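Let's take a friendly walk through this structure together. Here it is, with its sequence.

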Amino acid sequence: MIRVKTLTAFLATVALAVSPGGAAPDSHSAALEAPVKVAIAVSPEAVGAGSDTSVTVRLLPNAGIKMNKYPKIKVQVAAVPGLVDAAEQSLGNAAAPPADQLDTNYFHGSVDPVTLTLHLDPQAAKGRHEIHGKLSYFYCVAASGYCAPAKAELTIPVTIR
């Protein structure tokens, strides 16, 4: 019984030591923040049914984040019957760099945008639609060298005139 109380007291001391002001850590801390911001642009903004529209996905890494070229950055849109055909586009390298050239695996400066063409169904209803897609990428934290995969849900606004 004494060991349990000692362990509990120890853990409480550790919690106070690592929490600023002894408060519980904020659940919305920077550690939970997405490593990149995603911006989506559609051109043209309004299109006719049966035509194509271009979607540009820009990745804006937060400070201290490096974006990997391998595995590739990938954008996918599943087919929605009566609205849009399936589409996929990727950016990056098909293979990992040699061990002595690991720095070539990162985008330096800005990350190239991923541009995807969506083909709209000829029978698609007029109006504004939200097309859902998926983004997957790998990133590394420059300071620690920690690398991980990441995924994000995309909402692509398309207006059919």
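Thr-53 sits in strand E3, which covers residues 52–61; helices (H or I, at least four residues) and strands (E, at least two) are DSSP runs, numbered from the N terminus. The model is a predicted one, where local features need pLDDT of at least 70 and side-chain atom pairs count only at pLDDT 80 or more, while totals for chains, interfaces and linings use all residues. Residues are numbered from 1 along each chain as its sequence is written, and side-chain values use heavy atoms, with hydrogens and water left out.

Is Thr-53 buried or exposed? Thr-53 has a relative accessible area of 2%, so it is buried (buried means under 20% relative accessible area, exposed over 50%, partly exposed in between, with a 1.4 Å probe and protein chains only). Beyond its neighbours within four places in sequence, Thr-53 is in contact (heavy atoms within 4.5 Å) with Val-42, Ser-43, Pro-44, Val-47, Leu-116, Thr-117, Leu-118 and Val-158. Two of these names return when we look at polar atoms. The Thr-53 side chain reaches the backbone oxygen of Ser-43 at 3.3 Å, and a polar atom of that side chain lies 3.4 Å from the backbone oxygen of Pro-44.

Now let's turn to the cysteines. The count is 1 disulfide, meaning a pair of cysteine sulfur atoms within 2.5 Å. This disulfide joins Cys-140 to Cys-147, with 1.9 Å from S to S. The link is right-handed, with 110° about the S-S bond. As for its two ends, Cys-140 is buried because its relative accessibility is 1%, whereas Cys-147, at 40%, is partly exposed.

Conventions. A polar contact is a pair of N or O atoms within 3.5 Å; within protein, one must be able to donate a hydrogen and the other to accept it, and residues adjacent in sequence count only if both atoms are side-chain atoms.
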